[in-house]
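Student: Could you take me closely through the surroundings of the ligand in this model, and then show how the rest of the chain is arranged? I would like the cut-offs stated as you go.

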Amino acid sequence: MSLSRSTVVLRSENAGLKPFRISNVAPRPNAIALASWHSLAWLVFANAVGVLIAALLLMPRINTLLTPWTYGRWMPVHIDLQLYGWCSLPLVGFLLRAYGADAGWTAAWCRPVLWIWSTALGVGALSWITGHSSGKLFLDWVGYPRVLFPLALMALWALLVAAFAASWSVERTIGRWVKGIGLVALFAIPLLIYVAASPNLYPPINPDSGGPTGASQLESTLVIVAVLLFLPLGLTSGRQRRSSSRVFCWLVFAAETLLCLGLGRADVSHHRPVQFMSLASLLVWLPLIPMYYAGFMWHPNTKRWRIAFLAWWVVLVPTGWSLFLPGVLDHFKFTDGLVGHSLLAMAGFVSSLLIFVMVQMLGNDGWIFNGTWSFYVWHLSVLAYVAIMFIAGWHEGTNPTFNILPGAARNGIYALRLLLGVLIFLASLDWLIDANTMLREKEAEAAGVTA
Ligand code: HEM
């Protein structure tokens with residue numbers, strides 16, 4: 001049997017809702033399934049490295065045994081693989097789906113593109129562990145990997161262009177514009193990564209405080225809000241339920257962008273009221289994002305992960321803002337409190353959002369994230385990890401030697417972090433094992449279809 005590119009009209013299960021269209025539905029779960037598998041494989045590996053570095057911080061003598069592969073070498077491996085592996089590959093899957101690259105003749109090229117990406121990450125990890133790094137957080141690319149990773153990005157870009165060209169005749173005008181502008185923006189990313197990885201070029205830091213400005217925080221969070229607003233448009237047909245609430249959200253976004261542009265990018269202290277008050281404008285997104293997402297129709301498998309990422313969002317935004325306040329930031333800056341905030345953002349909010357995105361794209365295959373124990377173990381462990389890091393950070397703010405000199409309180413917190421890390425690792429392993437099973441099933445199905 002041969003299945004071709006087609007346009008299928010799906011009927012809403014909810015009575016009273018208009019039918020919605022999904023273009024180009026074809027037998028194309030493999031690219032998304034494979035992207036999910038790649039990202040989960042990197043998550044498991046990066047979590048294992050996280051457990052190792054947590055052990056190294058608790059028992060620094062292990063460093064001597066591992067010399068020269070000590071803490072400083074593993075740290076970029078941990079954070080870069082979490083970012084470019086676990087956090088990026090689901091979005092690569094999203095782009096493949098949004099541009100229709102996982103259907104038609106371009107579908108065959110998804111697998112090589114995903115493997116080029118993972119190979120670039122593998123080479124990057126090898127270079128970091130052997131001591132080659134630019135020293136810039138999340139931009140550690142030097143030598144061959146500094147070229148290889150942008151090349152992987154360009155391979156993805158070329159595939160998206162091919163898919164865009166292939167779907168030109170069936171695409172609506174608005175879709176052509178949005179996707180065309182998206183491709184122009186994505187074209188710059190490989191070069192930007194290459195240039196930004198240079199140690200001679202530093203990101204803007206407030207020289208007075210060594211921390212971010214309210215304007216820069218607002219700017220980066222607005223990028224996250226933009227991603228949140230765009231995602232449902234690529235994940236669903238985009239034409240369902242209350243469109244008025246959707247328009248309202250985009251108007252608020254436009255107003256806040258103007259506010260951000262008005263603030264400028266000058267290096268000013270976070271003690272200035274205009275800085276923390278403008279940042280407070282982000283609090284408006286606490287009700288707006290859940291309202292926006294309620295305006296779309298989602299696969300039933302997404303329900304618990306949608307609730308989870310929205311719950312983390314509601315915790316993340318006010319805590320992030322509170323951390324920026326005068327007095328609080330001065331106390332917490334560069335302490336374990338910020339490690340806690342990073343984990344809240346990445347392992348709590350971003351990870352839940354990514355799983356939600358993957359489940360929506362996988363549809364019925366999203367069962368791989370349905371496990372109850374892994375769901376609760378992940379969230380409760382991350383929550384506990386964040387809480388103990390905030391406690392450690394608060395002590396460190398008062399007494400800077402707290403985390404350097406071993407003591408009962410410090411060792412207890414670090415041992416608990418290690419234990420929680422093992423639990424987080426096990427939850428991710430459970431998803432990877434299920435993703436493996438799902439992938440095998442998909443491949444067997446595809447082989448059956450071809451035969
Ligand atoms: C098995 C679970 C994990 C363990 C045991 C773990 C452990 C660690 C440790 C020990 C650090 C270094 C903290 C320091 O320098 O004092 C760290 C930093 C970091 N980890 Fe993890 N981690 C885990 C999972 C994750 C996940 C899932 C993510 C992202 C999705 C993540 C993102 C980060 C980031 C962004 C930092 C840098 C924090 C900062 O310096 O502000 N980690 N992690």
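Tutor: Helix H1 (29–58), H3, H14, helix H15 (372–398) and helix H16 (408–450) each supply at least two residues of the shell around the ligand, where helices are DSSP runs of H or I with at least four residues, strands are runs of E with at least two, and both are numbered from the N terminus. The largest share of that shell, 8 residues, comes from H14. In total, 26 residues surround the ligand, and the closest are Tyr71, His78, Gln82, Ser342 and Gly421; a residue is counted when one of its heavy atoms lies within 4 Å of the molecule.

This is a predicted model, in which local features need pLDDT of at least 70 and side-chain atom pairs count only at pLDDT 80 or more, while totals for chains, interfaces and linings use all residues. Residues are numbered from 1 along each chain as its sequence is written, and side-chain values use heavy atoms, with hydrogens and water left out.

His78, found in helix H3 (residues 71–87), is the only protein donor of the ligand's iron atom, through NE2 at 2.1 Å. Donors here are N, O and S atoms within 2.8 Å of the metal (3.2 Å for Na, K and Ca), and water is not among the atoms, so sites may look incomplete. A polar side-chain atom of His78 also lies 3.0 Å from a nitrogen atom of the ligand, which falls under the polar-contact cut-off of N or O atom pairs within 3.5 Å (within protein, one must be able to donate a hydrogen and the other to accept it, and residues adjacent in sequence count only if both atoms are side-chain atoms).

Leu159 lies in helix H6 (residues 143–166) and counts as buried because its relative accessible area is 6%, buried meaning under 20%, exposed over 50% and partly exposed in between (1.4 Å probe, protein chains only). Leaving aside neighbours within four places in sequence, Leu159 is in contact with Leu96, Ala101, Thr106, Trp109, Cys110 and Val113, a contact being heavy atoms within 4.5 Å.

Phe334, in the loop between helix H13 (328–332) and H14, has a phi near 65 degrees, a positive value in a residue other than glycine, and is exposed, with a relative accessible area of 64%.

For the chain as a whole, there are 16 helices and 2 strands, and buried residues make up 48% of the 451 residues. The chain averages a pLDDT of 88, with 88% of the residues scoring at least 70; pLDDT is the predictor's confidence in each residue, from 0 to 100. Over residues 1–28, however, pLDDT stays under 50. Where pLDDT is low, the predicted coordinates should not be read in detail.
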